[in-house]
Amino acid sequence: MAQIDTSPPAVVQPPARSGAGRFLLVFAPLAALLLIGVPLFLGGMPYWLNVVTNACLLSFGSLGVWLTFSIGRVNIAQGAFALIGGYTVGLLTTALGLSFWVALPLAGLFAAVIGFVIGWPLLRLRGIYFAMVTLSLTEAVRLVFLNIGNLGGAGSVTNIPTPPGIASPMDFYLFAAVLLLVGYAGIWRLQESRIGGVFRSMRQNEELAASIGIDVALYRAMAFTICCFMGGIAGGAFASLQQNVYPQTYTVSDSINFMLYCFLGGLEFVLGPIVGTFALVIAFELLRAIQEYQALLYGILMIVVMLFLPNGLLSLRRLLGGRE
Amino acid sequence: MEQILVNGAILAANYALIALGITLIFSIMNVLNFAHGQMFMFGGLIVYWTVAQLGLPYAVGLAMAAVAVGLIGMAFEVFFFRRVMRDSTREENTMLLAVGTALLLENAALSLFGEKQRGIPPIVTGVYRIGDAFLPANRALVFGISLVLIVAILLFVTYSKTGRAMRALAQDRTATLLMGVDTARISTLGFGLGAALAGIAGGLLITVSGVNAGIGTAISTKAFIMIMIGGAGVVSGALLGAVALGFIEAFGYAYLPGSLTYLMIFVALILFLLIRPQGIMGKPWG
Amino acid sequence: MSLLEVEGLTKQFGGLTAVNDVSFVVEQGQICSVIGPNGAGKSTLFKLISSFLAPTAGRVRFDGRQVSGLKPHRVARMGVVRTFQETTVFKEMTALENVVVAHQLGLTAGPFGIFAGSRRARADTLRIRDSAAEILDYLGLGHVKDETAVNLPHGYLRGLGIAIAMAARPRLLLLDEPFAGMNPDETDRAMEMVQGIRARGITVLLVEHDMRAVMRISDWIVVISFGSKIAEGKPEAIRADEAVIAAYLGEDDAELGH
């Protein structure tokens, strides 16, 4: 076999080490903010603590959607998998009496399995077709649960117990924050690895990727499955936070929001979905003060960001002359 | 049976207006108009406002809906889409912008009209009988107006100068520009026309079943189903998709609970797309 | 045994026969060219060999193993790697990143090893970067390796396309019209590049319209017209072949390499 000889040793920095530095540069402040800053400042404000807990869980789901963006698919199905996760946790903890800590990973796995089975064939579609079909999938899954309810099954699950060991809203917040940090670290590692490179190459040209030996179908199913896993976890945790889950808990609008959070935060950055989610969730709450114009201003705000920061909020840093 | 066919035909005609509008915008601009359902909803609410609030005749209301929503569409093209299409590096950007405009319209409607279901009384009363089927005169009128508009639009894009320029633009933007057509103007007009059709469809439906600010996403979803069945960007596909959805819905509602009908439509649609990703009339791609 | 064996390959689209019962072999270490007038079915044949299309009849064997019917990425992993016409590269990546990604074939750690950042995966990463830089230097692209592909001049992109294919460690490299649209100087350089690739032990099969270049570098030439093979042989024999001359009649004389 023709082996490429490696005679002129090019000067290449070991990427792993410089990568770890860049990772900590973002991760350390994020962890400090979430684990120290928020408890310190919002500890006495239950309403805002709930908002931030919610934002952590939504961010976790958005991180998954970000991964499907990285293979070049606009995924409007995350609400469906969050709903599947929510019902899994709800039914396992109430009907079977399993502990939340067992039910939550199972919810992720169940969502992932369904995601893999459905995703494998659907991922052949691209562009608007994939977007439209995933949007349909969200509605289809909601209708499945609605019909189970109509046919006398468990249409909704209520009285979902709080996770054992979690005694206060602050405990739940800390759990959500740690979950988000773990998710961030995992996705960051994944996209820095060569799998991340494969994902990016597929986004740019799937045929070319196949021509150099990349199993395009397998890798795109991998990205989608991880996304669904994260959706299932987010939905499962949210069901436990709310202590109930209904077919209406996640609708098409929620799937669209997951996608918008990624986009508005910035698709080039792993931090993007987190920044996007927090910015929009908090902006929406702040606009509550102006009552009936809340929704309108929120919509205008979003369009303004899209028009003036087409690469997301995080691209501000670059516009202001900051470093890469 | 006759009743189901009558209901199906009425639905199909209304859906065809929606499908034609979204197809027009998609083929000319290559933008999937996520805001189409919201434009439909706006059209309905404008008719409600002119007829129920201002007390003007229905015809005026319908015309206002067409003009106002058409202008909204043109403004979106000029101020939003043109700009983003010029600057954007990723093809997702226009799709996401369309999602943003949908949210903007929905939130604007919430702020202006509230979230209540709004309707106006039927424009004409009375019921026709066709065999065993009942056809309320109001629905017959809605059906008639829809058919006339569909034919008018088809004639317009086939024979008028502007319509022909739109079709040329849909086929090859660069070549059309080279032929000396003002592509910017045609794009704006196309977007406006597509939007106006959505507005009219909403303005017609409000006399039958009422409209609320939150209805947009559901209508957009139906529009997507139609173009997925027929094939995106193809006029014949849009009409076929509308007819298919209208009759499937009419049959489903007659024999199944409503939510089960749509579940089955979605499952069938997803399976269908796996076999024929480009829809019935669409050209193969990718 | 020949490296590549094409046996009775046929492809029909609807009623149209694009490739009709074509057979030939490529020996290890050769530069073999498939030529033919425009619309002769060269592109289809190319896609059939790289398995981007499945044949209606016949088969392609590489190194004694059947290739037809396999997924393109499997064929690439067996060592049959194609390039694309024009300038198909990963546009948003730098030249170096393009080639690094293309090294995926050289993975020795599994997907989970990479994810966990195992020592083996890290060693791989370093080895791949060196090898990618070397390929770019070899193809004369070393000085632009940190440029984003979308900013590279057109002339470099085809070289980068070949670099990507080389990084996949082919045993048989399929080049799709490597000289199309080049001026004589560029063609000369590209021809040197192709000969250099063969010198590294890689067998080359190219599909080309430009007869002049083909005559100069090929060991073996297969001529197709209207989907069927009309001649094959060494360049001198092809130049004198009456069927070939007839097929190219009406085309510019210069294209026959006179």
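**Exercise 1.** In this predicted model, state which residue takes a positive phi just after α9(A), and then determine whether the length of helix α9 of chain A agrees with its number of residues.

*Solution.* Begin at the end of the helix: just after α9(A), the residue A:Gln243 takes a positive phi of about 65°. The expected span is 1.5 Å times one less than the number of residues.

**Exercise 2.** Decide whether α9(A) is mostly covered or mostly uncovered.

*Solution.* Of the 27 residues in α9(A), 24 are buried, and the helix is accordingly mostly covered.

**Exercise 3.** Describe how α1(B) and α9(B) are arranged, and which residues meet.

*Solution.* Two packed helices are described by the angle between their axes and the distance between the axes. Here the axes of α1(B), residues 2-29, and α9(B), residues 216-230, come within 9 Å and cross at roughly 75°, which makes α1(B) roughly perpendicular to α9(B). On the α1(B) side the contact involves B:Tyr15, B:Ile18, B:Ala19, B:Ile22 and B:Thr23, which meet B:Ile219, B:Lys222, B:Ala223, B:Met226 and B:Ile227 of α9(B). Sorted by class, the residues of this contact are 8 nonpolar, 1 polar and 1 charged.

Technical notes. Residues numbered from 1 in each chain as written. Chains lettered and ligands numbered in written order. Predicted model: local features only at pLDDT ≥ 70, side-chain atom pairs only at ≥ 80, totals over all residues. Helix = DSSP H or I, 4+ residues; strand = E, 2+ residues; numbered from the N terminus. Buried ≥ 20, exposed ≤ 12 C-beta atoms within 10 Å, placed from the backbone. Axes fitted to C-alpha atoms, helices over the stretch in contact; angles between N-to-C directions. Parallel < 35°, antiparallel > 145°, perpendicular 65-115°, else oblique. Contact = placed C-beta atoms within 7 Å. Nonpolar A, V, L, I, M, F, W, Y, C, P; charged D, E, K, R; others polar.
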